[in-house]
Amino acid sequence: MKEIKLSTHHHHIKTKVYFVTDSELIDIFSDMQYTIIVDRTVMELHPSIFAQFADRLVVIEPEHKKDIRMFTEVCEQLISHKVKKNFHLIGVGGGLISDLVGFVASVYMRGVSVSFVPTTVLGMVDASIGGKNALNFGTIKNIVGTIHHPENVYLHLNFLKTLPHSEFMSGMAEVAKTAFLFDYELVHDTLLFLNKFNINAINIMKLTTIITESITHKMAIVNNDVYDNSERNLLNFGHTIGHLLELEYGLMHGFAVAQGMVLETQLAMILELTDGSVYNRVRRILGKYFLTDMQDFDLKKIIDKIVYDKKANGDTILLPVIDDIGSSHLYEVKLVEFYRLINARPPKLPPEPEPELTD
Ligand SMILES: NC(=O)c1ccc[n+]([C@@H]2O[C@H](COP(=O)([O-])OP(=O)(O)OC[C@H]3O[C@@H](n4cnc5c(N)ncnc54)[C@H](O)[C@@H]3O)[C@@H](O)[C@H]2O)c1
């Protein structure tokens, strides 16, 4: 197994991240004290891995919601499988599975150890990293949750070959987010990868590099601020508005966040926290791959709901601001400032072409 070498400053979090092959994964699953909790779609699409463990699997229906009812079902299954405190849970699937299994692991018998095998891009670069988990409650997304770090994250890029194209791109939007925040070169590599992207012939080597870089950035930030008091808020870029668009218009997570990144950068520009040229580049890059045609969002309706954001402190929120492609800072803005987006028409993009991309 090839471990991603995370920097030695990372003392707080002990999570190890590995790239694995089919046979390495099967070896891991063969440990009888491991309870495998898997997304049904993933299980059915990859029978060569899962069929042999059929009698030990806890299977989750992916169309179900990540809510208390589902939590109850998983606990019932763990009890009927006689899962003890010294057992280890392994969640196999996208962010729905890592959030659900991470939450269950943090409270079942007052906490059992957990690892993840993320099978979506979003799961690999984001949801399985950083220890946060959450359930939706009522109509509010991710409002109940804990922080419980996985012991190991096993990445097997083969899973991505069965991922629908839209899911793939939605996950890549989170990669773009990390790149805008921290890493100019990663923006370049990601664009190069997407320019030549073909879901039937994924360039695994390039994708391995992109995923490794994204995870390394996220881990570094999380290690400095496990409980979200300061710089971890940078990772929220695009999410304050993105979450609301996702809920209101049913956009996929990554596409909603992409739209959120554009609008939040526009706000930063209006507040003179960043330059118009940065906004133009963010919008141009995201526009090419991630923005939907739905330009006529009812922004007032969205912004009215910002007060419910759990990241808001009273009447302010930390807004991630892109200073330049690949560097960023947090700025505390009043929630009411978001209303300034409503009457601001999206500025016209100058005709400047994107610079040539080279390998
Ligand atoms: N805790 C965190 O830090 C964090 C971060 C980001 C997102 N999330 C959460 O993650 C969830 C979204 O994650 P997601 O986008 O991975 O969604 P998901 O887990 O719902 O998966 C998306 C769809 O892809 C299917 N699927 C998964 N892997 C597949 C594969 N290899 N081949 C074919 N189909 C496959 C699933 O069955 C599902 O239909 C949300 O609930 C979000 O709140 C959590």
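Let's start with the ligand.

A word on the source. This is a predicted model, so local features need pLDDT of at least 70, side-chain atom pairs count only at pLDDT 80 or more, and totals for chains, interfaces and linings use all residues. Residues are numbered from 1 along each chain as its sequence is written, and side-chain values use heavy atoms, with hydrogens and water left out.

Back to the shell. Helices (H or I, at least four residues) and strands (E, at least two) are DSSP runs, numbered from the N terminus.

Now the polar contacts, meaning N or O pairs within 3.5 Å. A polar side-chain atom of Asp39 sits 2.9 Å from a ligand oxygen. Gly95 brings a polar backbone atom to 2.8 Å from a ligand oxygen. Asp99 places a polar side-chain atom 2.8 Å from a ligand nitrogen. Alone, the ligand exposes 870 Å², and the protein buries 84% of that. Areas are Shrake-Rupley, with a 1.4 Å probe.

Next, salt bridges: a side-chain nitrogen of Lys or Arg within 4 Å of a carboxyl oxygen of Asp or Glu. The count is 13. Arg40 pairs with Glu44, closest N and O atoms 3.6 Å apart. Why about one helical turn between Arg40 and Glu44? Because they are four residues apart in helix H2. Arg40 is partly exposed, at 28% relative accessible area. On that scale, buried is under 20%, exposed is over 50%, and partly exposed is in between (1.4 Å probe, protein chains only).

Lys300 and Asp304 form another salt bridge, at 2.9 Å. Lys300 is partly exposed at 45%, and Asp304 is partly exposed at 33%. Glu337 and Arg340 also meet in a salt bridge, at 3.3 Å, N to O. Shared partners join Arg40, Glu44 and Glu61 into one network.

Last, a contrast in cover. Which class does Phe29 fall into, buried or exposed? Phe29, in helix H1 (residues 22-29), is buried at 0% relative accessibility. Ile140, in strand S8, is partly exposed at 45%.

How values were computed. A polar contact is a pair of N or O atoms within 3.5 Å; within protein, one must be able to donate a hydrogen and the other to accept it, and residues adjacent in sequence count only if both atoms are side-chain atoms.
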